[in-house]
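Here's a quick briefing on a predicted model. Have a look at the sequence and the structure, then read on.

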Amino acid sequence: MIISQLGYYSLIFGLLTSIFIFFNSSIHLKKNNSVISDKLFGLIGFQFLFVFISFISLIYSFIISDFSNETVYNNSHTTKPLFYKITGTWGNHEGSLLLWLLVLTGVLLGFILKSRNEPNNYRLLTTLFQQIIVIGFFIFVLKTSNPFNEIFPVQTEGLGLNPILQDPALGIHPPILYLGYVGTSIIFSAALASMISNYVNKSWAKNIKFWILFSWIFLTGGILLGSIWAYYELGWGGFWFWDPVENVSLMPWLSLTALLHCIVTLEKRELLKKWTIVLCIITFALSMVGTFLVRSGILNSVHTFANDPSRGIYILTFLLFLVLLSFVIFIIFENKNFTQKSEIFILSKETAVLINNWFILYFLSVVLIGTIYPIFLDVILDEQISVGPPFYNKLILPFLIPFVLFMSIGPSMRWIKTNFKIGVKSFLAIVFTLILSFITVYYIGEKNIFVILLFVGFFYLLFKSLDQFREKTKNLAQIFSHTGFSLLLISILLNSFSSKEIVKNIRVGESFTLKNEKIIFKKISVEKEKNYESIIGFFDVLDEKNKIINLQPEIRIYNEPEMATSEASIKTTLFKDRFITINIIKDQNFFNVRYQHKPFMIWIWISTLIIMIGGIFAIFRKNKEVNI
Amino acid sequence: MTRMLMKSKILLTTKILIIVILIFFNLKNIAMASTFSEEQTINITKNLRCLICQGQTIHESNSDFAKSMKKYIKGELENGKTDEEIFSSLVEKYGQWIVYDPGISRNTLLLWALPLLLFLIGGAIIGIKILKKI
Amino acid sequence: MQFLEKTKKSIFSLIILILLIISFFVFKSALQKEKIYFPKMSENQIFTDFEVVELIEEKQINFNKVLFGKNFYLINIWSSWCEPCKDESDKLLELKNGTSIMMIGINYKDKKKNALNFLELYGDPFDQIFIDKQGTISINFGAYGVPETFLVNEDKKVLKKYIGPLNDEDVNEIKNITDN
């Protein structure tokens with residue numbers, strides 16, 4: 001109770017500090033006095049501390065199940081395991097917004113600490129813009145989503161956390177995702193600041209590159225965890241559904257990826273200044289659009305979030321304000337900054353980056369338009385449509401072929417100008433590609449020319465990326481991410497083309513077959529756990545070599561809130577996952593059994609990790625003069 | 001009058017253009033069909049949105065409605081209906097909303113054309129930038 | 001030249017500005033809209049060329065023959081396990097006694113015994129009842145749950161469709177339509 005109060009007042013102090021910092025930084029901007037600025041930057045530490053205290057006290061309230069707190073009452077329960085009590089803190093709207101604030105102030109603190117050698121004005125201006133965002137969210141939290149609301153009379157038991165959110169991957173998914181998603185705010189603030197302080201140059205690129213990589217790595221990790229959760233928990237064996245909520249996290253990722261390539265060009269060649277700034281603004285704007293779409297409840301999605309329209313209006317207005325602000329600043333300071341003298345040659349890395357951006361922005365526009373078009377159509381013409389996987393597949397897949405081809409050639413381009421030689425090596429790569437594609441296509445029995453082309457493209461990218469390991473001045477960051485990306489595409493393609501599944505209604509003792517495997521339903525048992533009761537089905541799978549594999553899918557019936565979830569049982573091998581789920585059929589002793597072969601599933605996770613490792617290499621690569 | 005005609009002509013040509021592009025990359029869907037199989041049912045139900053748990057496909061959903069829908073589609077396939085006929089009769093009953101593939105129509109023309117248009121514009125800008133050597 | 005460049009830029013900015021403002025208002029009005037999708041009424045005839053089985057006598061009949069000889073038909077999808085169906089039963093009785101509409105019940109995913117019990121308890125408002133064991137007959141009408149009610153005219157066109165239990169307003173509306 002007292003702790004909850006502490007959290008609330010700490011938030012208010014945080015807001016006051018923000019306002020103080022905001023006004024003082026604008027005053028200091030005029031004086032340009034570095035001594036006073038240092039004190040101001042110290043205050044940023046305090047601001048972070050206030051939010052941190054507030055966040056910790058909310059976690060504490062969750063741990064001790066303080067049901068005088070409305071958020072705890074609505075989302076927790078005494079019988080929940082400790083881990084889920086803690087993760088429940090950010091598994092709801094109010095708590096997750098507090099996490100937003102924590103990351104917002106955290107990245108600002110990190111930025112200030114990491115930018116000691118940057119111009120004072122640039123640091124002050126970045127602080128100023130970040131404070132605008134911080135204040136906006138402070139008010140949002142306190143006004144519409146206060147996590148420390150009290151309820152009276154105090155309840156003895158809470159309502160519990162939605163069981164499908166009680167999962168380890170989803171427990172850590174929000175903090176990781178938010179570090180990336182909200183981390184983009186500092187890129188936005190710094191971009192505006194660099195424009196005003198006339199600092200859009202090589203050193204700025206070096207400074208902000210860290211934060212772009214930081215956001216990108218965490219966002220990749222967040223998306224990965226979300227997909228793993230969907231695969232395990234939603235129980236139908238998919239990992240990506242082109243659901244609006246997923247798209248919303250993919251959009252900033254795409255624009256960050258484009259930005260990542262741009263910022264290097266700016267760093268090396270002082271080119272694409274205007275475009276880089278635009279991308280910085282777009283990236284954060286997309287994060288905000290995503291927040292708006294998810295929190296306002298405007299979307300109709302599998303991923304639920306409590307919502308109410310007044311919150312939607314607030315974020316929407318704030319979003320418009322931020323976009324207009326950056327728009328005005330961009331127009332005013334545009335001509336001051338962007339005189340570029342260097343030229344771009346057709347055969348150069350600059351061109352490769354431009355082509356990369358061209359395709360990525362196209363993919364981004366497909367996702368963005370696919371996500372918001374139904375909303376526009378509904379409002380303007382009152383017609384309802386669904387935009388699902390077929391739309392994205394049709395518009396994205398054909399463009400992946402040229403994209404991966406450019407991606408294969410791009411890294412071997414040099415800055416400024418490249419003299420292209422076609423040697424024996426590149427010929428070998430093509431031969432390898434064709435052989436491997438032929439084997440793969442033959443193996444999965446796919447005769448469609450388009451699928452074959454996709455495989456050829458993806459394998460070519462894989463070989464070209466691996467080929468760079470032999471180079472003297474190798475760029476591990478790029479090799480890893482590109483190799484990871486090609487592996488990811490190959491695994492996804494293989495996975496979607498050779499997945500097999502069978503759905504049967506059977507009783508205990510019965511069996512069925514899929515390909516050369518026999519699946520036997522051995523028995524059923526009921527067990528009582530702390531906060532749920534579980535019905536476990538025991539299955540034996542006899543594979544081609546008559547080896548027995550045990551699978552134990554579950555149906556969990558949670559007590560608070562009362563709800564049944566289906567837990568998949570998955571046996572992973574390097575080549576395929578065996579995936580089984582069961583469901584109860586009403587009033588009958590049959591069970592609905594769904595058994596699936598999901599080939600190369602683990603490679604989807606591994607390759608995403610490899611992509612992230614590439615990003616980590618890029619962070620730790622000390623600015624050696626190497627080609628990226 | 002002529003303007004109306006022009007408009008519909010433009011509409012038609014864009015429509016044909018998009019269809020040609022899509023057909024080129026979508027040979028697979030034409031190759032299959034005819035014989036009815038378990039896989040065909042799955043392919044159809046994966047493209048249908050469930051009205052009970054809105055956000056899931058019929059294939060994934062375990063709601064009563066989804067179960068009936070699966071049986072209904074099996075029945076229709078056994079009666080010799082093609083995928084197209086099944087889709088169009090369901091759209092007729094439940095609205096365009098029920099299919100995940102928005103298809104090309106007056107309402108969705110922009111949905112398909114806008115990204116492709118942006119791609120062309122982007123290409124033009126980059127082309128000018130490099131060739132003009134600004 | 002520079003002037004041209006400048007106009008080009010301001011036109012471009014203006015377009016972006018207008019797009020932003022339009023998007024703002026579109027999103028704003030989208031917030032007020034119903035998020036859950038309800039299928040609209042189809043303007044075409046309903047599909048009736050399928051076989052149905054009667055609940056009581058278990059005789060098979062083509063549904064085409066059921067919709068014959070009256071001006072208006074009310075097709076009501078119900079089930080004994082459906083709670084809201086209990087609430088609307090007296091509304092249906094009121095329609096049966098107060099109008100000349102032919103009342104057709106579709107018993108959705110039910111057991112015969114339970115269905116008959118239900119009718120005994122809450123009254124039988126139907127002229128004819130057919131069973132829909134699999135739920136596929138309801139899909140023929142474009143329904144997706146219980147209860148759902150369709151008012152159909154002699155041309156087999158759906159005049160009104162009610163998702164969820166009927167209320168007094170709906171009953172009055174149906175009466176108004178069928179009286180004229």
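Two residues count as in contact here if their C-beta atoms, placed from the backbone, lie within 7 Å. On that basis, the contact between chain B and chain C draws 15 residues from chain B and 14 residues from chain C.

**The B side of the contact**
- On the side of chain B that touches chain C, two or more residues each come from helix H4 (64–78) and helix H5 (83–94) of chain B; helices are DSSP runs of H or I with at least four residues, strands are E runs of at least two, and both are numbered from the N terminus.
- H4(B) gives the most to this side, with seven residues.
- By type, this side of chain B splits into seven nonpolar, four polar and four charged residues (nonpolar: Ala, Val, Leu, Ile, Met, Phe, Trp, Tyr, Cys and Pro; charged: Asp, Glu, Lys and Arg; polar: the others, Gly among them).

**Chain B overall**
- Chain B has six helices and zero strands.
- Of the 134 residues in chain B, 25% are buried, meaning 20 or more other C-beta atoms lie within 10 Å of their own, with C-beta atoms placed from the backbone.
- Among contacts in chain B with a separation of 6 or more, 49% join residues 24 or more positions apart.

**Helix H3 of chain C**
- H3(C), residues 83–98, bends by about 35° at Ser89(C), taken as the angle between axes fitted to the seven residues ending there and the seven starting there.
- Its buried residues are Cys85(C), Glu88(C), Ser89(C), Leu92(C) and Leu95(C).
- Those buried residues of H3(C) pack against strands S3 (72–78) and S4 (102–108) and helices H4 (112–122) and H6 (168–179) of chain C.

**Ground rules**
- Residues are numbered from 1 along each chain as its sequence is written, and chains are lettered from A and ligands numbered from 1 in the order in which they are written.
- In this predicted model, local features need pLDDT of at least 70 and side-chain atom pairs count only at pLDDT 80 or more, while totals for chains, interfaces and linings use all residues.

Key: Buried ≥ 20, exposed ≤ 12 C-beta atoms within 10 Å, placed from the backbone.
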